[in-house]
Amino acid sequence: LLGVTGSGKTEVYLQAAQAALDLDKTVLVLVPEIALTPQTVRRFKARFSHLTDQVAVLHSNLSQGERFDEWHRIRKGTARIVIGARSAVFAPLPNLGLIVIDEEHESTYKQENVPRYQARDVAVLRAAFEPCVIVLGSATPSLESWQNTLAGKYHLLRLDKRADAHSMPLVRVIDMRLEKQKQKGQIAILSDRLRTALEQRLEKGEQSILFLNRRGFARSLQCHGCGHVCECPHCAVALTYHRTDERLVCHVCGHQSIVPKKCPECKNPGIALQGYGTQKVEEVLRKVLPEARFARIDADAMRRKNTLKDILKKFKSQKIDVLIGTQMIAKGLHFPNVTLVGILNADLGLHVPDFRAGERTFQLITQVAGRAGRGELEGEVIVQTFTPHSPSIQFARKHDFDGYAEQEMEMRRQFSFPPFAHCGVLTARSTHERRAEFTLQTLHLRLKENLPPGISLGEVLPSPLIRSHDQFRFQITLRSHKARPLTNHIQTILRKTSLPEDVTVVFDMDAYNFS
């Protein structure tokens with residue numbers, strides 16, 4: 001089900017659920033994030049008010065007791081509708097009639113720990129085994145699902161217009177290179193256009209959302225004298241400055257340290273903050289719009305239970321003028337009074353070593369832009385970027401999924417990337433750098449020896465994040481048009497190879513994370 005943001009996909013899910021219940025069957029609904037579960041539960045309970053005690057919730061944030069109770073309600077058939085995150089795909093529903101995967105493109109459906117699985121693909125298999133109807137819904141489908149519709153494996157249904165017949169929001173792209181020149185080389189967080197638009201919305205009593213996919217106050221702390229950057233002692237990443245805690249925090253392992261007054265290397269007091277996160281944006285906005293009411297939604301602000309629910313409730317009742325947030329606010333939220341969405345630093349996820357980087361950026365911009373103009377008032381989206389000519393940004397500006405998919409698929413076809421091939425990653429990790437690398441080089445030689453035809457074997461390379469949680473990581477990327485020969489070959493070699501005690505080797509088939 002390809003439906004533009006605000007086209008009424010949820011209504012389709014609700015009516016499909018009603019049809020399944022009328023046939024005395026059960027319904028499974030998957031959402032990409034735990035944060036989206038409460039509002040999906042609310043919508044289903046509002047529609048099926050006579051069945052509220054038959055709606056069960058399953059996700060990892062429930063206590064062991066809550067999960068136990070819900071699981072047994074589902075097993076006994078007391079709960080006929082199950083809503084949850086990816087692990088709910090295994091819910092023991094009897095007589096299953098419908099599976100709904102909302103925002104099916106989301107990479108959060110992929111489980112990164114053992115057992116590794118893609119909940120969307122498991123759901124498709126489960127629907128074939130049961131058998132039952134499965135609906136994959138998105139405004140920006142994954143290219144794997146899109147290829148399945150082109151190949152005729154899936155039926156394609158489209159909703160090309162918003163349910164209220166209103167037009168899609170107007171998207172403006174601001175070239176931040178020009179803004180930097182205007183502001184004499186200073187970091188431009190808000191362009192003139194976005195600041196003016198925020199002021200206008202405030203005067204009219206309308207609401208705005210600002211999106212930045214980086215939490216914290218500043219990206220890093222760097223010495224202007226010797227160039228030293230404060231890094232995590234356990235991971236190969238710079239520590240992020242968090243002003244609320246007055247701490248430097250690693251966003252990979254969670255390590256925290258105090259903020260130095262001078263450079264730890266050359267003792268220069270001119271150690272300064274670089275880049276910006278959601279905390280910095282909030283501080284700047286409080287100076288620019290002192291009379292406005294703000295709230296911030298990110299992993300730091302949401303530590304206390306029910307904080308997210310409380311903030312969204314306040315925003316819905318218009319007690320907050322501007323909502324600042326990370327990807328937690330990018331999808332599934334419906335606020336009719338929001339007429340402006342600002343996307344700050346749209347390039348953040350664009351220039352990373354991952355062939356899906358462009359696809360994810362396109363999806364994120366389209367999803368965030370869809371939060372604007374969902375009521376009677378017309379919406380406007382302002383995208384701030386240093387690479388305005390990127391296809392991801394230009395096609396998102398026109399809300400043109402077909403155009404983006406066509407050019408991206410052509411590139412993927414030429415270089416044999418998914419959806420035209422399966423891509424697996426073999427990773428070796430150890431506290432000893434040389435041992436991790438040597439183990440993977442040995443495996444590389446053995447994999448190469450009797451390599452089945454049709455398998456492309458990459459070289460041994462350091463992972464983009466070479467050190468994480470005190471472990472050095474090296475990886476090999478393998479590609480094949482058929483999954484089974486690839487997994488069989490790797491498993492055969494791994495079974496025959498005795499690994500050093502302090503080296504862990506992991507194979508991830510159809511990998512989504514290359515860092």
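This is a predicted model: local features need pLDDT of at least 70, side-chain atom pairs count only at pLDDT 80 or more; totals for chains, interfaces and linings use all residues.
**Exercise 1. Two packed helices**

Find how helix α5 and helix α12 pack: at what angle, and with their axes how far apart?

*Solution.* 
Step 1. Two values are needed, because packed helices are described by the angle between their axes and the distance between the axes.
Step 2. For α5 (residues 143-150) and α12 (residues 401-414), the angle is about 95° and the axes are 11 Å apart.
Step 3. Angles of 65 to 115 degrees count as roughly perpendicular, so α5 is roughly perpendicular to α12.
Step 4. On the α5 side, the contact is made by L143, W146, Q147 and L150. On the α12 side, F401, D402, A405, E408, M409 and R412 take part.
Step 5. Sorted by class, this contact of α5 with α12 has 6 nonpolar, 1 polar and 3 charged residues.

**Exercise 2. The second largest pocket**

State the volume of the second largest pocket, and say which element gives the most to its lining.

*Solution.* 
Step 1. The volume of the second largest pocket is about 1,000 Å³.
Step 2. The lining consists of 32 residues, of which D121, E144, H422, A483 and D510 are the closest to the centre of the pocket.
Step 3. At least two lining residues each come from α4 (119-129), α5, α14 (483-496) and β23 (503-508). Helix α4 gives the most, with 5 residues.
Step 4. By class, the lining of this pocket has 14 nonpolar, 8 polar and 10 charged residues.

**Exercise 3. A cavity**

How many cavities of 30 Å³ or more does a search of the whole structure find, and which residues line the largest cavity?

*Solution.* 
Step 1. Empty space is located by rolling a probe the size of a water molecule over the atoms.
Step 2. The search finds 1 cavity of 30 Å³ or more.
Step 3. The largest cavity holds about 50 Å³ of space.
Step 4. Its lining is formed by A35, L36, I297, L308, L312, M328, I329 and L333.
Step 5. By class, this lining has 8 nonpolar residues, no polar and no charged ones.

Note on methods: Residues are numbered from 1 along each chain as its sequence is written. Side-chain values use heavy atoms; hydrogens and water are left out. Axes are lines fitted to C-alpha atoms, for helices over the stretch in contact, and angles run from 0 to 180 degrees between N-to-C directions. Helices (H or I, at least four residues) and strands (E, at least two) are DSSP runs, numbered from the N terminus. Angles under 35 degrees count as roughly parallel, over 145 as roughly antiparallel, 65 to 115 as roughly perpendicular and the rest as oblique. Contact means heavy atoms within 4.5 Å. Ala, Val, Leu, Ile, Met, Phe, Trp, Tyr, Cys and Pro count as nonpolar, Asp, Glu, Lys and Arg as charged, and the others, Gly among them, as polar. On a 1 Å grid over the protein atoms alone, a cavity is a set of points where a 1.4 Å probe fits but cannot get out, and a pocket is an open set with protein on both sides within 12 Å along at least five of seven lines; lining residues have an atom within 4 Å of a point. Grid points are joined across faces, edges and corners, and a volume is the space filled by probe spheres set on the points.
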